[in-house]
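Here is a briefing on how the parts of this structure meet. Look at the sequence and the model first, then read the points below.

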Amino acid sequence: MTALAVFLRDLRLAQRRRADTLAAAIFFVIVASLFPLALGADPAWLRRLGPGVVWVAALLASMLSMPRLFADDAADGTLEQMLLSPTPLPLLVLAKVGAHWLANGLLLTLVAPVLALQYGLDGGSIGILVLTLLLGTPVLSLVGAIGAALTVGVRGAAVLLSLLVLPLVTPALIFGAGAVEAAAGGMDTGGHFSLLGAMLVAAMFLAPWAAAAGLRISLD
Amino acid sequence: MREVRVRVRAVLATHDLEARRGRRVLFSRLDLSVAPGSLLRVLGANGAGKTTLLRMLVGLTLPSAGRVSWRGRPITADRDAFHRELVYLGHAAALKDDLSARENLLSLLALGGVRCEAGAADRALAAAGLAGCERLPARVLSAGQRRRVALARLALAQEQRLWVLDEPFNALDVDAVDWLAGLLRAHLQGGGIVALTSHQPLPLDAVEAVMVRL
């Protein structure tokens with residue numbers, strides 16, 4: 001009940017501050033568009049690079065909005081109220097991450113096919129790419145939440161957050177981009193998807209607890 | 001036998017509480033016990049540790065020694081049950097600039113586990129002197145009005161026995177001070193406990209009060 005209220009409040013806030021959400025999506029598009037400019041326009045070469053580039057750009061774009069996940073709440077005192085709520089804190093964290101993913105991660109997933117077309121990927125590969133992002137971006141949000149909780153109130157939180165989180169999410173990147181490549185090579189992608197799904201389940205179960213503990217430490 | 005009776009009466013208590021900031025000891029060996037229906041007033045100069053003490057009472061800051069107990073049990077033993085009986089209003093009003101006064105009040109109540117209709121929230125805002133401001137975003141409200149939105153929550157928090165308020169009278173005008181004093185008096189008469197800090201003389205005569213000077 002309380003968690004649902006937090007989820008809806010965060011969605012409403014994201015909708016009223018659309019500029020933040022759009023900035024991350026535009027950043028995603030720009031980063032992914034820079035690679036062909038630097039690497040040359042050989043179609044076969046770009047088709048091979050496409051999935052990896054889109055995944056790296058999505059990773060960086062999702063780090064962009066992460067520091068604000070708890071920072072705004074900490075600044076205006078809402079975070080103290082969350083810590084003192086009768087609802088367990090991990091549940092509230094999960095609600096916040098869910099709203100954050102819907103506003104940011106899902107948007108990146110929806111923009112990705114356009115970028116994939118730019119790299120000349122065929123329909124099947126685009127489908128696989130979107131599916132891997134659909135499983136992978138929640139992992140980025142969940143693991144990012146741990147970093148965001150630990151860096152609440154720290155100066156230069158954005159850089160520190162990326163240093164903490166990027167190494168932790170490389171497995172998602174490897175298996176996400178790897179699945180598209182495997183599919184293009186005619187191999188089975190079941191293993192990749194199983195591992196991505198396992199990462200999502202593990203992150204969903206563990207990250208809220210870790211982030212909640214991080215928040216308690218940060219606010220002490 | 002007597003020990004048990006004391007425990008039941010004194011609901012909020014601290015035992016040998018100590019706070020440090022770096023190497024400096026803000027206060028130590030603080031033993032308090034506050035019975036239902038009484039006010040705990042924390043006095044002290046700026047930087048004496050008033051806010052730290054209030055944060056320790058609710059469990060936001062961990063004491064460097066000693067413990068805080070509620071109904072005879074340490075507050076860390078069952079946080080969720082303790083939080084169900086608690087309202088804490090800190091320095092920051094916990095308002096979102098992009099949400100309206102009503103949305104802010106409703107989401108704060110939801111976070112505190114209080115179910116409330118929009119109508120009841122509007123009535124509480126009207127009682128706080130904010131009739132006509134329900135739909136205004138918090139961004140355009142004045143400091144005093146923001147304070148009133150946060151305090152309007154108290155009118156709907158009769159179930160919560162413990163109110164911990166950090167400088168609740170700050171930025172309030174004369175009418176709002178009277179309104180808040182009325183709320184606090186009613187809560188104390190109903191057997192609740194109020195812990196607060198304030199630099200002004202309180203308009204609360206004839207209430208049982210425990211004073212702490214840090």
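**Where the parts meet**

The axes of helix H6 (residues 89-118) of chain A and helix H9 (residues 190-219) of chain A cross at roughly 110 degrees and come within 8 Å. This is a predicted model: local features need pLDDT of at least 70, side-chain atom pairs count only at pLDDT 80 or more, and totals for chains, interfaces and linings use all residues. Residues are numbered from 1 along each chain as its sequence is written, while chains are lettered from A and ligands numbered from 1 in the order in which they are written.

**Helix pair in chain A**

- H6(A) and H9(A) are therefore roughly perpendicular to each other (angles of 65 to 115 degrees count as such).
- Axes are lines fitted to C-alpha atoms, for helices over the stretch in contact, and angles run from 0 to 180 degrees between N-to-C directions.
- H6(A) contributes A:Leu89, A:Pro90, A:Val93 and A:Leu94 to the contact; H9(A) contributes A:Pro208, A:Trp209, A:Ala211, A:Ala212 and A:Leu215.
- Contact means C-beta atoms, placed from the backbone, within 7 Å.
- Helices are DSSP runs (H or I, at least four residues), numbered from the N terminus.

**Chain A against chain B**

- 21 residues of chain A contact 22 residues of chain B.
- On the chain A side, H1(A) gives the most, with six residues.

**Domains of chain B**

- Chain B has domain 1 (1-85 + 161-214) and domain 2 (95-159), with bounds from an automatic or database domain assignment.
- Their C-alpha centres lie 24 Å apart.
- The contact takes 13 residues from domain 1 of chain B and 11 residues from domain 2 of chain B.

Methods: Two residues are in contact if their C-beta atoms, placed from the backbone, lie within 7 Å. Helices (H or I, at least four residues) and strands (E, at least two) are DSSP runs, numbered from the N terminus. Angles under 35 degrees count as roughly parallel, over 145 as roughly antiparallel, 65 to 115 as roughly perpendicular and the rest as oblique.
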